[in-house]
Amino acid sequence: MLLVTSIIASVLTIIFIKLSFAVIGLRRKNKVGLGSGGYEDLERAIRAQGNFAEYVPFGIILIAGLELNGAPSWLVVIPGIALIIGRLIHAKGINVPPPDFSKRVMGMKFTFGTLISLVALNLGWSLYKLFV
């Protein structure tokens with residue numbers, strides 16, 4: 001069972017839906033069906049949503065792999081929380097005009113650090129389970 005992964009994926013999905021509604025709202029407000037129509041706020045919202053969609057699936061897959069392979073719950077929860085925090089900081093940094101690049105960079109550091117940690121944890125845990 002993937003109880004921890006289910007909770008983390010649910011929280012991340014709620015964030016994604018919120019980012020998506022922001023794009024939809026700005027598209028309606030600015031009467032733009034495709035692209036950003038030259039509206040900076042819509043472009044920021046599109047990229048916040050797109051960036052989220054580009055990175056989160058890898059994190060969820062790696063978190064699920066860890067949990068499926070029997071890693072202790074704390075080893076699954078900690079990177080899950082870090083991924084959520086990183087994605088929230090990044091979205092806040094990119095969406096607030098003018099873009100707060102320090103928050104955006106911090107959010108990406110959290111995200112990349114988490115993904116790299118998850119790769120190492122998955123490889124380490126899998127090798128441990130393979131030879132024990």
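The legends below describe close-up views of a predicted model.

**View 1. Helix α1, residues 3-30, and its end-to-end span.** Helix α1 has 28 residues, which at 1.5 Å a residue should span 40 Å, and the 41 Å between its end C-alpha atoms agrees with that expectation. Just after α1, Lys 31 adopts a positive phi of about 55°.

**View 2. The buried residues of α1.** Val 4, Thr 5, Ile 8, Ala 9, Leu 12, Ile 15, Leu 19, Ser 20, Val 23, Leu 26 and Asn 30 are the buried residues of this helix, and they pack against α2 and against α3, which covers residues 73-95.

**View 3. Ile 17 in helix α1.** Ile 17 has a relative accessibility of 40% and therefore counts as partly exposed, since that class lies between the 20% limit for buried and the 50% limit for exposed residues. The C-alpha atom of Ile 17 is separated by 14 Å from that of Glu 54, a residue 37 residues apart from it along the chain.

**View 4. The crossing of α2 and α4.** The axes of helix α2 (residues 40-68) and helix α4 (residues 101-131) come within 9 Å and cross at roughly 30°, which makes α2 roughly parallel to α4, because angles under 35 degrees fall in that class. The crossing of these two helices is left-handed.

**View 5. The residues in contact between α2 and α4.** Helix α2 contributes Asn 51, Tyr 55, Phe 58, Gly 59, Leu 62, Ile 63, Gly 65 and Leu 66, while α4 contributes Met 108, Thr 111, Phe 112, Leu 115, Leu 118, Val 119, Leu 121 and Asn 122. Sorted by class, the contact of α2 with α4 holds eleven nonpolar and five polar residues, with no charged residues.

Definitions and conventions: Residues are numbered from 1 along each chain as its sequence is written. This is a predicted model: local features need pLDDT of at least 70, side-chain atom pairs count only at pLDDT 80 or more; totals for chains, interfaces and linings use all residues. Side-chain values use heavy atoms; hydrogens and water are left out. Axes are lines fitted to C-alpha atoms, for helices over the stretch in contact, and angles run from 0 to 180 degrees between N-to-C directions. Helices (H or I, at least four residues) and strands (E, at least two) are DSSP runs, numbered from the N terminus. Angles under 35 degrees count as roughly parallel, over 145 as roughly antiparallel, 65 to 115 as roughly perpendicular and the rest as oblique. A crossing is left-handed if the near helix is turned anticlockwise from the far one by less than a right angle, and right-handed if clockwise. Contact means heavy atoms within 4.5 Å. Ala, Val, Leu, Ile, Met, Phe, Trp, Tyr, Cys and Pro count as nonpolar, Asp, Glu, Lys and Arg as charged, and the others, Gly among them, as polar. The expected span of a helix is 1.5 Å times one less than its number of residues. Buried means under 20% relative accessible area, exposed over 50%, partly exposed in between (1.4 Å probe, protein chains only).
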